[in-house]
Amino acid sequence: YTAVCAACHQVTGLGVPPMFPPLAGSEWAVGSEERAIRIALYGLQGPIKVKGTEFNGVMPATGPGSPYNLNPDKVAAVLTYIRQEWGNSAPPVSAEKVIEIRGKEGNRAPMTVAELEKFP
């Protein structure tokens, strides 16, 4: 987390409004595991509402082809950290689930909220 996410979302998980949304208490971080994995792997582009505040930017991908190119174990570890830190309470993410999602999506452009809302 510190090496890849903290520059924008901060060590505290509070983000930097209005540019970078918080992860602490974020419904996107602790909600759907499938959505969280897709955001981490492929990034996010366009408007998103987090904790009642709208943010509109671009989050870079961390999966294959990205400058970060995190393997499934690292993606799962980062997401598990985010989902269980700063008072967040959500189940851990497994590398197997990350591999499953990557297999479904392949290499692709950043996700949008409209695309993410199609997943449970």
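Helix α3 is largely enclosed by the rest of the structure, because eight of its ten residues are buried; buried here means under 20% relative accessible area, exposed means over 50%, and partly exposed lies in between (1.4 Å probe, protein chains only). The model is a predicted one, in which local features need pLDDT of at least 70 and side-chain atom pairs count only at pLDDT 80 or more, while totals for chains, interfaces and linings use all residues. Residues are numbered from 1 along each chain as its sequence is written, and side-chain values use heavy atoms, with hydrogens and water left out.

On the α3 side, the contact (heavy atoms within 4.5 Å) is made by Glu33, Ala36, Ile37, Ala40 and Leu41, and on the α4 side by Val75, Leu79 and Arg83. By type, these residues comprise six nonpolar, no polar and two charged; Ala, Val, Leu, Ile, Met, Phe, Trp, Tyr, Cys and Pro count as nonpolar, Asp, Glu, Lys and Arg as charged, and the others, Gly among them, as polar.

The view now widens to the nonpolar cores, each a set of buried Ala, Val, Leu, Ile, Met, Phe, Trp, Tyr and Cys residues joined through side-chain atoms within 4.5 Å. The largest core has 23 residues, of which Trp28, Ile37, Leu41, Ile48, Val75, Leu79 and Val98 touch the most other members. Two or more residues each come from α3, β1 (44-50), α4, α5 (95-105) and α6 (113-116), and α3 gives the largest share, six residues. Another core, of seven residues, lies apart from this one and includes Ala6, Ala29, Val78 and Ile82. Leaving aside residues up to four places away in sequence, Leu79 touches Ala36, Ile37, Ala40 and Val93.

Helix α5 also holds Lys97, which counts as buried at 18% relative accessibility. Beyond residues up to four places away in sequence, Lys97 touches Glu33, Glu34 and Ile37.

Some backbone details complete the picture. Most residues other than glycine have a negative phi, and most peptide bonds are trans. The bond from Pro17 to Pro18 is cis, with omega near 5°, and Pro18 sits in the loop between α1 (6-9) and α2 (27-30). Lys51, in the loop between β1 and β2 (53-59), has a positive phi near 55° and is partly exposed, with a relative accessible area of 47%. Asn69 has a positive phi too, near 45°; this residue lies in the loop between β2 and α4 and is partly exposed at 48% relative accessibility.

Conventions:
Helix = DSSP H or I, 4+ residues; strand = E, 2+ residues; numbered from the N terminus.
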